[in-house]
Amino acid sequence: MNQSLIYLMDEICAGVEIYFTGRLGSQYLKTAFLLCDDYSELISKLFLLIDNPKWTEMKANSNFKSYPDIMAEVETTTSKNNPNKLEKVRELISAMKKRRKRRNDFFHSTSLLDLSVTNRNCVEAFCDLLEYGDILFGVNWRTTLEGSRNLSTFDVLLRLERHSFSDPSITQKMNRVLQNWPRNIKNAKRAGVHLAEYPEDLHLRLCVTWGGNELRDKLKTLL
C-alpha cells in the first residue's frame, strides 16, 4: 500500500468531516468545496507519480504545470493503461475543471466573496472525487479507503445524499436508521441522541464514529 495514498486519504477524510460538521447550517460548505478541489489535483499528481516515478509537476521552464496540463496528462496515462475507463475519467475531469474555475473565482474576485455553495455542490464534488480515485487507483484505493478512519461510512452517506436529490424517500430511510442507532457501544440498549438531538450534524458524526462498519453496512443496504 502506498504511504502517500494513505496520507492523502486521511486528508480527504478530514475534508468530508468538515462538510458533515456544518452541513445543516451551511457554515463550512465553501471550505469543504475548496478542499475537495485541492484533493482532485493531489490525486491526479499522485497517480502520475506512481505511474512514472520520474514524473514532475514542473515544466521545462521551471514553472508549475497548470491544472488543465495535469488533467491532460491523466487522460493520456489512462488512455495508455486503462482505455476502457477513459470516457468516465474524461467526464469526471470535465466536471472537476468547471469546479476549479469556480474555485478560482472565489479567490480572484472580491465581488464573488458572497457567492454561495450548496450542499449539492459539495456532495457531487466529493462523490466525483471518490469515484475518480477509485478508477485511477483501483483496489489500492478501495483498500486504503477502508482503513482511513470513517471514510468508508462517509462514502456511503455521500452517495445516499446524492441519491436523495432524485429520491427524497432516501432521507427518511436514513433518518430511521440513525434515530434508532445506539448512542454508544457501552450503552447498546439505548437508542437515539448522543448529546444533541437528531438529526443535527453532531449526532450524525457520533453515530459514524461509534457505528463503524456495522452502521456503514446498514446504510449501504439503502443504496
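This note covers the aromatic pairs and one loop serine.

1. Basis. The model is predicted, so local features need pLDDT of at least 70 and side-chain atom pairs count only at pLDDT 80 or more, while totals for chains, interfaces and linings use all residues. Residues are numbered from 1 along each chain as its sequence is written, and side-chain values use heavy atoms, with hydrogens and water left out.

2. Aromatic pairs. The whole structure holds four. Rings of Phe, Tyr and Trp (its six-membered ring) pair if their centres lie within 6.5 Å; planes under 30 degrees apart are stacked, over 60 edge-to-face, the rest tilted.

3. Phenylalanine 20 with phenylalanine 154. This pair is stacked, at 5.1 Å centre to centre and 20 degrees between the planes. Phenylalanine 20 sits in helix α1 (residues 3–21) and phenylalanine 154 in helix α7 (residues 151–164), so the pair ties together parts 134 residues apart in sequence. Helices are DSSP runs (H or I, at least four residues), numbered from the N terminus. Phenylalanine 20 is buried at 1% relative accessibility; phenylalanine 154 is also buried, at 1%. Buried means under 20% relative accessible area (1.4 Å probe, protein chains only).

4. Phenylalanine 137 with tryptophan 141. These rings are stacked too: 6.0 Å centre to centre, 15 degrees between the planes. Both residues are buried.

5. Cluster. Ring pairs join Tyr19, Phe20 and Phe154.

6. Serine 148. This residue lies in the loop between α6 (139–146) and α7. Serine 148 is buried, at 2% relative accessible area. Leaving out residues up to four places away in sequence, serine 148 touches Met9, Asp10 and Cys13 (heavy atoms within 4.5 Å).

Terms used: Helix = DSSP H or I, 4+ residues; strand = E, 2+ residues; numbered from the N terminus. Buried < 20%, exposed > 50% of the residue type's maximum accessible area, 1.4 Å probe, protein only.
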